[in-house]
Amino acid sequence: MARPRIVVLTGAGISAESGVATFRDAGGLWEGHSVEDVATPEGFARDPDTVLRFYDERRRAVASVPPNPAHVALARLEAFVGDELLVITQNVDDLHERAGTRNLVHMHGELARALCAGCGTRPEWSTDLIDRPACPRCGDRMLRPDVVWFGEMPYGLDRIEDAVFGCDIFVSIGTSGEVYPAAGYVALATAGGAWTIELNLEPSAAAVPFDDVRRGPASVLVPAWVDEQLAGRT
Ligand code: BJW
């Protein structure tokens, strides 16, 4: 029998125990910032300095924290199953990559890249954008964080939708299910015949019920679930 194709969707909850704030939990990222101010193109046009400072601070904060056992466990799974596993993350941090995951889509972009509003290039970026550095390609001083704001098109949607509809196991980890299109993927996976499971601290706003739901911290639930997948393969 062919091995299962596994798609894992991750959200802010998988990085919470690394010290990266979530968005909608108490103490989350939006506290002190309205979403319209920092995560919309209109907010950026209105007050670019506030938005650039918000993302510069987050880029620095993420650089100083490590991946946690949940990120490491997913990388361990990929080491065994290779490209039978695709991780789709809504997170803009690089903790999956630093744990060793390679087959990964950042659907909401990456703090580690900038996006040039002049020429559209997406250079790797590790320093502040507040001082309006020049684009390495066109020289314009129109770089913004390469993150997907409300009303913008997420990255990699064709590849993501093919993988979600075609997978055998769909796993949702640490996401509230409030933001589309990601919030609709459990319905897409179900329509494609996948078995679905949610690993999350709190109940989410899932569009359709999961086949299995486990409540707890990702650092505990994800390694345990990976162990189950690998039992019999090692
Ligand atoms: C733990 C834990 C632990 C905590 N262990 N778990 C009306 C209806 C439907 C849709 C729309 C609508 N009006 C507008 C829309 C579309 C809009 C949308 O969804 N809006 C909703 C608010 C309604 N979406 C968009 O605009 C998207 N683009 C789009 O739709 O394009 C058009 C399109 C058309 C056709 C097809 C496809 C597309 C773009 C969305 C961009 C989202 N951007 C952000 C910011 C990115 C940059 C940044 O990081 O600053 O992405 S918003 C923010 O939310 C961020 C996240 O990736 C995203 C999701 O949040 P996430 O990850 O779920 O975090 P939380 O905080 O919400 O939840 C954390 C969870 O973890 C909780 O459940 C906790 O319990 C759990 N947890 N600790 C395990 N230790």
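**Exercise 1. Which atom of the ligand lies 2.9 Å from an N or O atom in the side chain of E17?**

Solution, step by step.

- Begin at E17: an N or O atom of its side chain is 2.9 Å from a nitrogen atom of the ligand. This is a polar contact, meaning a pair of N or O atoms within 3.5 Å; within protein, one must be able to donate a hydrogen and the other to accept it, and residues adjacent in sequence count only if both atoms are side-chain atoms.
- Then turn to the backbone. A polar backbone atom of A12 is 2.8 Å from an oxygen atom of the ligand, and a backbone N or O atom of F23 lies 2.7 Å from a ligand oxygen.
- Finish with the surface: the ligand taken alone exposes 1500 Å², and the protein buries 76% of that. Such areas come from the Shrake-Rupley method with a 1.4 Å probe; for residues, only the protein chains shown count as cover.

Before you go on, note that the model is predicted: local features need pLDDT of at least 70, side-chain atom pairs count only at pLDDT 80 or more, and totals for chains, interfaces and linings use all residues. Residues are numbered from 1 along each chain as its sequence is written, and side-chain values use heavy atoms, with hydrogens and water left out.

**Exercise 2. Describe the shell around the ligand and find the pocket where the ligand sits.**

Solution, step by step.

- Helices (H or I, at least four residues) and strands (E, at least two) are DSSP runs, numbered from the N terminus.
- Now the site: the ligand sits in the largest pocket. Sitting there means that more than half of its atoms lie within 2 Å of the pocket's grid points. On a 1 Å grid over the protein atoms alone, a pocket is an open set of points with protein on both sides within 12 Å along at least five of seven lines, whereas a cavity is a set where a 1.4 Å probe fits but cannot get out; lining residues have an atom within 4 Å of a point.

**Exercise 3. How much space lies in the largest pocket, and which element gives the largest share of its lining?**

Solution, step by step.

- The largest pocket holds about 970 Å³ of space. Of its 50 lining residues, G11, A12, F23, R24 and N91 are closest to its centre.
- Helix 4 provides the largest share of the lining, four residues.
- The lining of the largest pocket comprises 27 nonpolar, 15 polar and eight charged residues.

**Exercise 4. Locate the residue with the cis peptide bond and the one with positive phi.**

Solution, step by step.

- The bond from Y180 to P181 is cis, with omega near 5°. P181 belongs to the loop between strand 6 (169-173) and helix 8 (185-191).
- R132, a residue other than glycine, has a positive phi near 55°. R132 is found in the loop between strand 4 and strand 5 (143-147).

Definitions and conventions: Points joined across faces, edges and corners; volume = space filled by probe spheres on them. Nonpolar A, V, L, I, M, F, W, Y, C, P; charged D, E, K, R; others polar.
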